[in-house]
Every structure is written in C-alpha cells, then in structure tokens.
Amino acid sequence: MSIQDRTKAFCERFGLRVPILLAPLAGASAPSLSIAVANAGGLGACGALLMTPAEIGAWTEEVRAASNGAFQLNLWIPDPSPVRDPEREARVREFLATWGPEVSPLAGDATPQDFNAQCRALLDARAPIVSSVMGLYPPDFVATLKSRDIAWFANVSTVAEARAAAAAGADVVIAQGMEAGGHRGCFDASKAEQAMVGLAALVPAVVDAVNVPVVATGGIADGRGVAAALVLGASAAQVGTGFLRAPEARIPLAWAEALAGVAPEETIVSRVFSGRAGRSLATDYVRAATSERAPRPAPYPVQRGLTAAMRAAANKAGDVRRMQAWAGQSAALARAEPAAKILQRIWSDAVALLRL
C-alpha cells in the first residue's frame with residue numbers, strides 16, 4: 001500500500017484530516033491543546049494517569065464541546081505494588097531536602113488513582129479512541145471496548161510488545177522510539193533502559209511484525225520526522241514535545257523556554273522524578289540525582305511521591321533546574337507558535353517532502 005493510501009485510510013477510519021496525533025502527556029494535557037489540534041485536523045489526547053474519574057469526564061466534556069471530538073484517552077496499565085525500603089527512602093528524602101522543602105516521611109505513601117474506576121470513566125466518556133501504555137488492557141475491558149465500537153491504540157516500545165498488543169486485539173500499535181520525551185512505555189519497567197530502540201529501527205520492524213496500522217512516535221517534531229516515519233511504513237505520526245511550546249499547552253514558561261536550542265544529547269533517561277524511566281532535560285537536579293554520590297531512586301510511584309514537594313516548589317518558583325521538564329531528543333525543533341500552526345506547518349512540510 002502506498003504512503004498516500006495508508007494515511008488516507010487511517011484518517012478516514014478515525015475521522016482525521018491530517019495523520020498527526022498529539023501524544024497523551026500525563027500532567028500536561030490541557031484541554032486547550034487538544035481542542036486546537038483536533039480542530040486543525042489532527043487527534044487530540046489526554047494522559048489521564050493522574051486524573052480522577054470526575055476529572056476525566058470534565059476534560060472530555062470540555063474538549064468535545066469546543067472541538068470536532070477527535071481525541072484519545074490514555075491510561076497506564078498498573079505496575080505491581082512496589083517493594084518498599086525505608087532506609088533507601090530516608091536517603092532519598094535527605095537528598096531531596098537539599099533541592100526543595102523537607103520531605104515528609106509519609107510522602108512515599110502516595111498511591112495511584114483507582115485503575116478500574118478510571119477504566120469505567122473512559123467508557124462513560126464515550127471516547128472514540130482509548131489508548132494504553134506500560135502494558136495491555138485486560139481482555140474483559142478490551143471486549144467491552146470492541147462491543148462499544150471504541151478503538152484501542154496500544155503504545156509499545158519493542159517488536160515483542162507490538163506482537164503481544166496485536167494478538168490482544170489492539171486496533172492500532174503506536175511504536176515509541178527511545179528518542180521520546182517523558183516516560184518510556186515499556187511493559188517491563190525493569191528493562192526500560194536496556195530495551196532502548198531508536199525509531200528508525202523500530203518502526204519498520206513493527207510494521208513487518210503486525211497486521212494493524214502503526215503510528216510512529218518519539219523524536220518527531222517537524223515535517224522531516226513525519227515524512228521519515230511514513231516512508232518507514234507508519235500510517236501516522238504522534239508528536240509530543242513538538243507541541244509543548246504552543247501557548248495552548250499551558251506548561252510552566254521556564255520549561256517551555258528551556259526547550260529552545262536543546263541538543264539531543266542534552267536530554268537524559270532517568271528514574272529520578274517518578275521511579276519509572278523517563279526522558280527529560282538534563283537539568284541541575286537530574287545531573288546531581290544521577291551522579292554516583294546520589295542515592296538510588298525509590299521505585300514507582302514511591303519516588304513520585306517523594307519528589308512531589310520539590311516539583312511543586314520548582315513550578316511555583318519557575319525554576320527549571322528542579323522542574324520535571326520532560327523533553328524528547330528533538331526538543332530544539334519545537335516552536336513557540338499556536339498549536340494549529342504547528343500542526344499545519346509540520347504536515348505541509350511532510351507533504352512537500354513526500355510529494356503527495
């Protein structure tokens with residue numbers, strides 16, 4: 001199938017004018033960004049990991065009321081309960097106190113939202129597309145999605161994960177290259193740093209391994225990246241960091257400004273914010289926390305709870321040195337423009353390169 005036929009089929013199936021998806025950015029999913037992307041012809045997205053069922057419903061209502069309703073709702077598949085180590089956590093708290101407020105001994109007790117309640121909220125929201133990351137939805141939930149004609153997009157980071165997703169009934173596989181900003185979507189959290197595959201190698205391998213459409217994501221922030229992904233066999237491309245400087249993203253100004261001019265090697269994968277591997281700017285805190293002198297991070301979500309006070313203080317002060325500033329390796333390509341203009345420019349540049 002030609003590139004034009006693949007992208008046309010994908011867009012027609014999911015109600016898009018442009019084969020570009022907004023990445024579901026947990027903690028940075030302002031409704032305004034999805035509204036802008038959807039109305040410009042792409043697919044909006046909500047990373048609902050941290051949201052209550054009521055918040056998921058409110059987000060959906062706001063986006064649906066102001067857009068054409070093209071969006072995906074994304075959830076993390078829960079990890080096993082973490083193994084706690086009080087002595088290790090005490091060392092982390094002591095270290096974090098040098099970067100922000102004193103950390104309460106109870107901070108690591110933070111628990112994730114109720115996953116089953118969130119799944120029910122996705123169904124109640126009548127989202128056209130539901131996506132998963134860090135694993136696969138349970139078979140009974142997948143069956144319910146299919147009975148309600150809700151598409152399931154499964155994020156994967158390896159060929160083996162892609163095969164498992166397709167076998168489990170995923171309608172689309174989103175192949176995440178190691179270049180991606182934010183958390184790595186590995187099914188096995190312990191292997192996130194070992195199984196790092198670049199997008200140029202991952203996409204064609206996944207395309208050859210599954211019989212469902214493939215979306216490429218990770219390090220794509222301009223028309224060249226989209227064109228390359230489509231040439232490699234993808235039916236669409238997903239962009240995250242490339243939209244973060246748009247005013248509709250509403251992230252802290254210091255974070256948005258820090259993305260400008262960042263070289264690929266000035267980002268780093270670490271566990272120092274949440275306990276899960278994720279790519280961020282290599283800020284002062286990240287460098288210090290990944291040094292040999294620093295204590296090893298606690299597991300997810302304990303580490304996220306421990307760093308909460310520091311992250312909140314950093315956001316309040318506009319201090320990017322301590323901020324959870326997620327960034328993909330193509331962060332320098334992100335522009336401070338309205339989201340609609342970003343999407344239109346990326347696609348028009350890709351079309352010119354591909355001569356569609």
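Residues are numbered from 1 along each chain as its sequence is written, and side-chain values use heavy atoms, with hydrogens and water left out. In this predicted model, local features need pLDDT of at least 70 and side-chain atom pairs count only at pLDDT 80 or more, while totals for chains, interfaces and linings use all residues.

Start with helix α3 (residues 53–66) and helix α5 (residues 115–125). Helices are DSSP runs (H or I, at least four residues), strands likewise (E, at least two), and both are numbered from the N terminus. The α3 and α5 axes lie 9 Å apart, at an angle of about 25 degrees. Axes are lines fitted to C-alpha atoms, for helices over the stretch in contact, and angles run from 0 to 180 degrees between N-to-C directions. The two helices are therefore roughly parallel to each other. Angles under 35 degrees count as roughly parallel, over 145 as roughly antiparallel, 65 to 115 as roughly perpendicular and the rest as oblique. α3 passes α5 in a right-handed crossing. A crossing is right-handed if the near helix is turned clockwise from the far one by less than a right angle, and left-handed if anticlockwise.

On the α3 side, Pro53, Ile56, Thr60 and Arg64 make the contact; they meet Ala117, Gln118, Ala121, Leu122 and Ala125 in α5. Contact means heavy atoms within 4.5 Å. Six of these residues are nonpolar, two polar and one charged. Here Ala, Val, Leu, Ile, Met, Phe, Trp, Tyr, Cys and Pro count as nonpolar, Asp, Glu, Lys and Arg as charged, and the others, Gly among them, as polar.

α5 also packs on helix α6 (residues 139–147), at about 5 degrees and with axes 11 Å apart. That makes α5 roughly parallel to α6. Cys119, Leu122 and Leu123 of α5 touch Phe141, Thr144 and Leu145 of α6. This contact has five nonpolar residues, one polar and no charged. Next comes Arg126, in the loop between α5 and β4 (129–133). Arg126 has a positive phi of about 55 degrees, although it is not a glycine.

Now move to helix α9 (residues 223–231) and helix α13 (residues 339–354). α9 passes α13 in a right-handed crossing. From α9 come Gly223, Arg224, Val226, Ala227, Leu230 and Val231; from α13, Ile346, Trp347, Asp349, Ala350, Leu353 and Leu354. The class count is nine nonpolar, one polar and two charged.

A search of the whole structure finds one cavity of 30 Å³ or more. On a 1 Å grid over the protein atoms alone, a cavity is a set of points where a 1.4 Å probe fits but cannot get out; a pocket is an open set with protein on both sides within 12 Å along at least five of seven lines; lining residues have an atom within 4 Å of a point. Grid points are joined across faces, edges and corners, and a volume is the space filled by probe spheres set on the points. The largest cavity has a volume of about 50 Å³. Its lining includes Val92, Phe95, Leu96, Val272 and Tyr285. α4 (86–96) and α11 (284–289) each give two or more residues, and α4 gives the largest share, three. The lining has nine nonpolar residues, one polar and no charged.

The second largest pocket has a volume of about 320 Å³. Of its 18 lining residues, Arg271, Gly275, Ala298, Pro299 and Tyr300 are the closest to its centre. The lining divides into nine nonpolar, three polar and six charged. Pro301 is in the loop between α11 and α12 (302–317).
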